[in-house]
Amino acid sequence: MEADHNETSGETKSAMHTWRYRHHFTYKADQGKNIIVQCNLCLPRVNLLSTSKTSTSNLKKHLDRTHLGCEARPDAKRGRSKEEHNGEESRHCQLKKLKAEIISKCMTQTKIDDHIFNFIVEDCQSFYVLEQPGFRKLIAGLTEGLKSMDRVTLFTKVDQGFSRMREELMAKLNNIQYVCTTADVWTANNRSFFGMTCHWIDADSLERKSAALGFARLQGRITYDTIAGRIHDIHVAYNIESKVQTTVTDNGSLFVSVFKEFAVDGQESDDDIGFYENVSAVLEGEPEQDMLLFLPTVQRCASHTLEQIVTEDFWQAVSQGPMCQLHYSTMAKVYAIWNKCHHLQVGMEAAEEIGKMALVVPAVIRWNVEYCAVQKIVSLSERELTELCARLEVQRLQPEEMAFLKEYVAVFHPLAFALELFQAEQKCYLGLVIPTVLSLKNKLNEQKDAANYFGDVINAIVMAIDVRFQELFASTEAKFATATTPQFRLWWMAASERDEMCSLLATEASQVDPCSITEANTSRNLSTIESEDDFFSYGPVKPAAQIQQRGVMEEIRKYIEGPGKSLECLQDFPRVKQLFLKYNTTLPSTAPVQRLFSQKGNLVTSQRNFLTDDYFERIQLLRYNSNVCPSVTV
């Protein structure tokens with residue numbers, strides 16, 4: 001009735017004729033390309049709306065905003081025509097087929113296999129994931145019918161990826177002049193592994209680059225000659241035995257024995273060179289063969305040395321001092337809080353509720369983690385700490401004990417900061433160690449007079465620093481590394497020693513290969529036309545020739561007197577830059593090789609027992625080297 005009335009009233013045919021919500025509106029008049037209608041749902045209030053003759057979107061928006069879910073419903077009598085319904089179904093099928101065609105063109109089986117390979121390697125996932133029905137359904141659903149590869153295909157891709165990674169890494173190392181390696185031994189689930197990483201500085205960008213060289217299984221008794229053989233074999237395998245400046249290790253007795261026996265000093269005779277005897281070959285009755293070992297000089301881990309100062313010298317000074325009883329009573333209560341938070345979910349929830357933060361619990365034997373945990377407790381107010389101790393049912397810390405902890409945090413903050421510096425990788429060089437240790441001593445001495453509890457402990461720690469870093473302070477290589485770091489230059493030295501150091505630097509710089517100097521200057525001074533001033537030329541370019549002609553001492557003095565602290569300024573001093581590359585390639589700690597072990601636990605489980613030692617090593621190296629060899633994982 002209403003539709004007939006509208007037609008007799010002069011309504012022109014529009015998109016509303018076939019619209020399912022037409023019964024909610026009454027036609028009023030034409031207005032050019034639009035029509036005016038009245039909303040029946042808004043009655044008794046008169047609400048006139050304007051909409052296009054070819055579209056009902058404006059009216060649909062009104063229904064959705066004003067009458068959605070209550071009165072606005074489609075007209076059941078005014079349903080879609082069969083032809084319209086069939087046409088929409090046809091368009092839906094066409095879109096579905098088009099989607100399948102796009103997916104099939106963009107996502108091939110090879111690409112799916114590559115993505116699954118990256119997923120397994122980068123996240124150290126179990127190979128059994130490929131056999132899980134849910135994972136197979138996920139891949140099939142996301143890829144419109146493509147399949148997940150099986151474990152045999154995955155093993156093949158691991159072999160191929162490892163071969164490509166090894167070739168690419170060897171090609172990179174072939175063009176590097178100086179490298180440094182780090183080595184460590186890790187044991188878990190009655191299985192021991194030997195890890196080694198390699199580090200160098202890019203000659204153009206002066207950025208630190210890192211790669212993993214080995215993650216081999218150690219079977220049988222671990223002896224110093226076994227470790228020496230592993231280090232030598234990896235250096236030879238990657239053809240870097242003549243490029244390694246130093247090998248950084250911890251201060252454990254195993255590595256001390258290795259380099260004491262096999263490291264070659266330039267002043268030693270041939271009789272002092274170590275020989276490696278293959279014991280397993282002797283036991284199997286094979287001909288006895290002695291292999292000549294060449295191991296580079298060793299650099300003790302600076303962060304491990306600081307850890308030893310805290311764990312050994314610090315505790316010894318505390319146990320013998322007047323604050324022994326106060327220290328043990330305070331730390332006993334602190335450990336009681338940590339134990340409750342670690343073993344009881346209620347304890348952790350109470351700490352988060354009261355302190356509005358997750359309370360750090362030292363789960364590993366590292367002093368800086370323990371220091372951060374104490375720092376969290378000290379940051380709590382007296383009311384919050386009292387409430388926390390009551391909720392956890394532990395003894396409350398007394399005011400003197402809280403004062404003891406606050407002084408502990410304040411006094412040893414420089415020590416925790418120094419440890420963080422040494423455990424970095426990208427911006428950490430051997431030249432950082434001496435200034436850091438000197439600054440640490442100065443900051444500890446500054447707090448000695450104001451300390452109420454740790455005055456004697458500070459004296460003991462400063463003395464321990466002098467003893468344990470004595471070899472480093474006497475090292476000429478460490479001094480060269482510090483002097484060629486623009487951030488420090490010779491500012492850390494006494495004024496009476498700087499002239500002698502300048503002479504030593506000049507002597508060392510004069511022995512730099514002239515070819516490397518020319519290449520350094522050429523790479524920086526290539527003429528590029530970026531403006532009119534760059535275009536006009538009136539003779540041969542002089543800066544490069546002048547740099548070559550000026551004396552070595554002049555270059556050293558200009559560098560020493562320069563104000564710049566960034567590494568970019570080394571581009572203006574080619575000889576100093578070469579010395580920086582030579583001596584600062586060495587890292588001050590073994591943190592990188594420890595990071596190599598950071599995801600090992602995800603592989604060493606009962607589900608990974610079928611993995612051979614070779615495949616275990618390949619997965620670890622592929623994961624670690626994904627940044628330096630990006631073509632392996634795409």
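Is the crossing of α13 and α16 left-handed or right-handed? The crossing is left-handed, a term for a near helix turned anticlockwise from the far one by less than a right angle, clockwise being right-handed.

This is a predicted model, in which local features need pLDDT of at least 70 and side-chain atom pairs pLDDT 80 or more, while totals for chains, interfaces and linings use all residues. Residues are numbered from 1 along each chain as its sequence is written, and side-chain values use heavy atoms, without hydrogens and water.

**View 1. Helices α13 and α16 cross at roughly 135°.** The axes of α13 (residues 367–379) and α16 (residues 413–422) come within 10 Å. α13 is therefore oblique to α16 (roughly parallel is under 35 degrees, roughly antiparallel over 145, roughly perpendicular 65 to 115, and oblique the rest).

**View 2. Residues in the contact of α13 with α16.** Trp367, Asn368, Tyr371 and Gln375 of α13 meet His413, Leu415, Ala416, Leu419 and Glu420 of α16 (contact: heavy atoms within 4.5 Å). Five of these residues are nonpolar, three polar and one charged.

**View 3. Burial along α13.** The buried residues include Trp367, Asn368, Glu370, Tyr371, Ala373, Val374, Ile377 and Val378 (buried is under 20% relative accessible area, exposed over 50%, partly exposed in between, with a 1.4 Å probe and protein chains only).

**View 4. Arginine 22 in the loop between α1 (2–8) and β1 (25–31).** Arginine 22 counts as buried because its relative accessibility is 5%. Its C-alpha atom is separated by 9.5 Å from that of leucine 59, 37 residues apart along the chain.

How values were computed. Axes fitted to C-alpha atoms, helices over the stretch in contact; angles between N-to-C directions. Helix = DSSP H or I, 4+ residues; strand = E, 2+ residues; numbered from the N terminus. Nonpolar A, V, L, I, M, F, W, Y, C, P; charged D, E, K, R; others polar.
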